[in-house]
Structure formats: C-alpha cells, structure tokens
Amino acid sequence: MPSPLDLSATRVEWLASIDSTNDEAMRRARAGDPGGLWIAGWEQTKGRGRQGRVWYSPHGNLAASLLLIDPAPTNLAPQLGFVAGVALAEAARDLLPVGKPAQLKWPNDLVVGGAKLSGLLLEASQLPNGHLACVIGIGLNIEASPDGLPYAATSLRALGGDASAELALERIAAHMSVWLSLWQRGDDFASVRKAWTAHAAALGQRVSVFAGRVQTTGIFLGIDATGQMILETDVGRETIAAGDLLLTADSVPMPAEDQVIDGNG
Ligand code: BTN
C-alpha cells in the first residue's frame, strides 16, 4: 500500500460544464487519481442531491466535489459528512455579512434563518484496486436558489454576500483542510462532533424526522459518537441514522443543561 495521502493537500480543477462534479470525481478515482482533488463546475447539467433528488446548479452557483482516497477505515468514512459540514459552516461565516449566522441542519444542510443555502452529498465506492474512494460534493447557492421546493431556500446574494464561486471554494477548501487534519482519519471525531454541535440548528427543540414514510418526533438532543441523531421522543430516547429533518412550528427550546453537547467521540 502507498503511504497515506496528506488529506490537506489539494488540487483544484474548474470545468465549464459537467454532468455532476460528484460523478466526475468518482470517474477520476476509477482512472487512478490519488485523491486530494477538487472538481468544480461552473454549471452542472445533472446535479444530484441526497436521496436521489435533483440539485439545481445554474451558472454562478458553486458545485464542487472533493475526492479523497482511503481517508479513513470504511466504517468511519460517513463521519466525513460532519467534517465537511463544520468546514462549510466556518466558510459561510467568512462569506456572509455579519449578523447572518449559518447553522447546520442534520445531517448536513447549511441553513440561514431556516432557509437552505447549501447541501452536501457524500458518496463512497470501493475501487477495483481495493482502495476506498470518497467524494464530498457541495452545492452552494451563490447567485440564485430554486423556487417551488418543499422547503425554503436562499442564496449568498439574497443574504447580502458578494463572494464569487471561486472565493467560496477557496474558503471552503481552506476550512476543509483544517478539519480533515483535526479529524485525524476518524481518530478525533469528538472534536468534529463538538464543533458540529456548536453550529447545529434546532438543538433542544421539538423536531420531526422523516425516514421514507416513517416520522419520528421528539426533542433534538444532539448527535452521538457515530453521527446519528438523538431524539427524546414520548416513548424514550431514539437514535436515527438517516432522514430529513423538519423543524416544527411548535419548536420549544429546552434548558441548555439537558442538551448533549460534549462527549467522547
Ligand atoms: C442535498 O442537499 O440534497 C445535497 C446537494 C449536493 C449537491 C452537490 S453540487 C456538487 C455535487 N455534485 C452533485 O451532483 N451533487 C453535489
């Protein structure tokens, strides 16, 4: 096995138009790219979102994917969604006007005032040569956000930010390098979890999570050591691995001392 790649060393490639930067990054992995590569598209023609949804990527918005090869043992690779979420939240602080704080909505949407500004799509694939390829795809609404979605969406421009897609990627890549180093290939998920929690939306509030048609409602206590959501429901504490979080209208904040903020990774 080659010595592990320094996860913070990255190259950036901008493409005028691409089907999906995630698909292109995975193609590069199959063609033997060693990883540490950002693929950014000025436009995506087949941008993909979570759970098979379409992701709207017009010219001017940021669509970018980071390819990593063997970033961590396979069972720890899903933590990358939280690593990237923290990096994205910190980059948003650099890009948004003061007084417009961005928050992370579990599992890894970035929202401002409840409206979605950015989404993450993490994909992994075992390559024929035995290596694990992980692709972290980031869609950031810069110039425009789509209409007619079942949730509110916003853009950097609508929020008063003036950054370009290049600057946004530069900030995201810088924070990602820092957090990949801190994460230590999964050895320090505790630090990531703590930072993620500090940026979390709806912590201590009553929320509903939809996993397919199954709805679970309860107080959002935080994420556990594997990134699953912890909910205090009417019938006890439950952990949820995947789903869509809906912030309910009757959200009631709970006392800070009951929130799960710290803990072992
Ligand atoms: C979501 O919130 O549903 C995730 C959206 C992820 C979109 C990004 S844009 C760059 C990368 N390429 C894709 O096809 N999808 C991700």
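Setting aside neighbours within four places in sequence, asparagine 108 touches Arg50, Gly81, Gly119 and Leu120. That residue sits in the loop between β4 (102–105) and β5 (109–112). Keep in mind that this is a predicted model. The chain has 4 helices and 12 strands, and buried residues account for 52% of its 265 residues. Below is a quick tour, starting with the ligand.

**The ligand and its shell**

- The ligand is surrounded by 20 residues, and the closest are Ser20, Gln44, Arg48, Arg50 and Lys116.
- Serine 20 puts a polar side-chain atom 2.8 Å from an oxygen atom of the ligand.
- Glutamine 44 also works through its side chain, where an N or O atom is 2.8 Å from a nitrogen atom of the ligand.
- With arginine 48 it's the backbone: a polar atom there is 2.7 Å from a nitrogen atom of the ligand.
- On its own the ligand would expose 410 Å², and the protein buries 98% of that.
- Sorted by class, the shell holds 6 nonpolar, 10 polar and 4 charged residues.

**Helix α1**

- Helix α1 is largely enclosed by the rest of the structure, because 7 of its 10 residues are buried.
- Those buried residues are Thr21, Asn22, Glu24, Ala25, Met26, Arg28 and Ala29.
- They pack against β1, β2, β3, β6 and β7.
- Serine 20 turns up again at the start of α1, where a side-chain oxygen of this residue comes within 3.2 Å of the backbone nitrogen of asparagine 22.
- After α1 comes glycine 32, with a positive phi near 105 degrees.

**Helix α3**

- Helix α3 runs over residues 165–183, so 19 residues in total, and spans 26 Å from first C-alpha to last, close to the 27 Å expected at 1.5 Å a residue.
- Its buried residues are Ala165, Ala168, Leu169, Ile172, Ala173, His175, Met176, Ser177, Trp179, Leu180 and Trp183.
- These buried residues pack against β1 (11–15), β2 (37–41), β3, α2 (80–95), β7 and α4 (189–198).
- Glutamine 184 follows α3 and has a positive phi, near 55 degrees.

**Leucine 37 in strand β2**

- Leucine 37 belongs to strand β2.
- With a relative accessible area of 1%, leucine 37 is buried, since the cut-off is under 20%.
- Beyond its neighbours within four places in sequence, leucine 37 contacts Arg11, Glu13, Arg28, Ser65, Leu66 and Leu67.
- Leucine 37 and valine 135 are 98 residues apart in sequence, yet their C-alpha atoms are 9.6 Å apart in space.

- Most residues other than glycine have a negative phi, and most peptide bonds are trans, so the exceptions deserve a look.
- Tryptophan 106 and proline 107 are joined by a cis peptide bond, with omega at about 0 degrees.
- Proline 107 lies in the loop between β4 and β5.
- Asparagine 108 counts as buried because its relative accessibility is 9%, and buried means under 20%.
- Glutamine 51 isn't a glycine but still has a positive phi of about 55 degrees.
- You'll find glutamine 51 in the loop between β2 and β3, and at 49% relative accessible area it is partly exposed.
- Arginine 185 is another non-glycine residue with a positive phi of about 55 degrees.
- The loop between α3 and α4 holds arginine 185, which is partly exposed with a relative accessible area of 24%.

**The chain as a whole**

- Take the contacts between residues at least 6 apart in sequence: 67% of them join residues at least 24 apart.
- The chain exposes about 11,900 Å², and carbon and sulfur atoms supply 54% of that area.

How values were computed. Residues numbered from 1 in each chain as written. Predicted model: local features only at pLDDT ≥ 70, side-chain atom pairs only at ≥ 80, totals over all residues. Heavy atoms only, no water. Near = heavy atom within 4 Å. Polar contact = N/O pair within 3.5 Å; in protein donor to acceptor, adjacent residues only side chain to side chain. Areas by Shrake-Rupley, 256 points an atom, 1.4 Å probe, with all protein chains shown as cover. Nonpolar A, V, L, I, M, F, W, Y, C, P; charged D, E, K, R; others polar. Helix = DSSP H or I, 4+ residues; strand = E, 2+ residues; numbered from the N terminus. Expected span 1.5 Å × (residues − 1). Buried < 20%, exposed > 50% of the residue type's maximum accessible area, 1.4 Å probe, protein only. Contact = heavy atoms within 4.5 Å.
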